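Please view the sequence and the model before reading on.

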Amino acid sequence: MCGGKGSRLGKLGEKIPKTLLKLQNKSIIDYLIINLNKNGIEKILLSTFYKHHLIKKHINKVHKDKNIRIYNDGDIQILQRIKLALKRCEQDLLVCYGDEIANININKLYKNHLNSNKELTIVTFQLKSNFGFLFKKKKKFSFKEKPIIGNYNIGYMIFNLNSIKYIRNIKSLENYINKLCDLNKINEFIHKGKHTTVNTIEDYDRAKRIKL
């Protein structure tokens, strides 16, 4: 998924799409492709829009020997990008956000997905607060120092090929996931390794200091 406009990156986002930002002499998309290939995934689809020509030029230069298809899908919602990708697939679809890097063992992830017998597997990471929280339940307080708040989506998901039948007229990914939650068709894979997200200038500066 490489269609984002990078509006939260300020002037930097006006020059280059997020997925081409450099981290230690490689672009974010390079790290994604390398990890996919390392896990045996050879067919890659890129859904682009913003500065499509720059992404296409980079792929044709750096990854010209790989089976990568690039589509300019226009200014559409991410769920519609996923729907288009499912139509282009012949088997289950691994979705990766173009601004996320994670050292996920994709073979282990896919095995977990198959064993779950669910339509969708979402990779999550535990979010731990940097602050102490005061909780109130039944008029009594309890205090927890830096608790785990919950698990958040880090941009890796596996869709069964027939998941497209559940999308239909749903427009947002949030509504689609909630529909599958209601049908008990969601599986979770908790990632405990490294990962980094680049949405803002602060995220980018932080990512440049991480050993990838």
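## The largest pocket

The lining of the largest pocket draws at least two residues from each of α2 (28–38), β3 (43–48), α4 (78–88), β5 (93–96) and α5 (106–116); helices (H or I, at least four residues) and strands (E, at least two) are DSSP runs numbered from the N terminus. Strand β3 gives the largest share, five residues. By class, this lining holds 20 nonpolar, five polar and six charged residues, where Ala, Val, Leu, Ile, Met, Phe, Trp, Tyr, Cys and Pro count as nonpolar, Asp, Glu, Lys and Arg as charged, and the others, Gly among them, as polar.

## Basis of the model

The model is predicted: local features need pLDDT of at least 70, side-chain atom pairs count only at pLDDT 80 or more, and totals for chains, interfaces and linings use all residues. Residues are numbered from 1 along each chain as its sequence is written, and side-chain values use heavy atoms, with hydrogens and water left out.

## Salt bridges

The structure contains six salt bridges, each a side-chain nitrogen of Lys or Arg within 4 Å of a carboxyl oxygen of Asp or Glu. In one of them, Asp-73 and Arg-88 meet at 2.8 Å, N to O. This pair links distant parts of the chain, 15 residues apart: Asp-73 lies in the loop between β4 (67–72) and α4, and Arg-88 in helix α4.

Asp-73 is buried at 13% relative accessible area, whereas Arg-88 is partly exposed at 24% (buried is under 20%, exposed over 50%, partly exposed in between, with a 1.4 Å probe and protein chains only).
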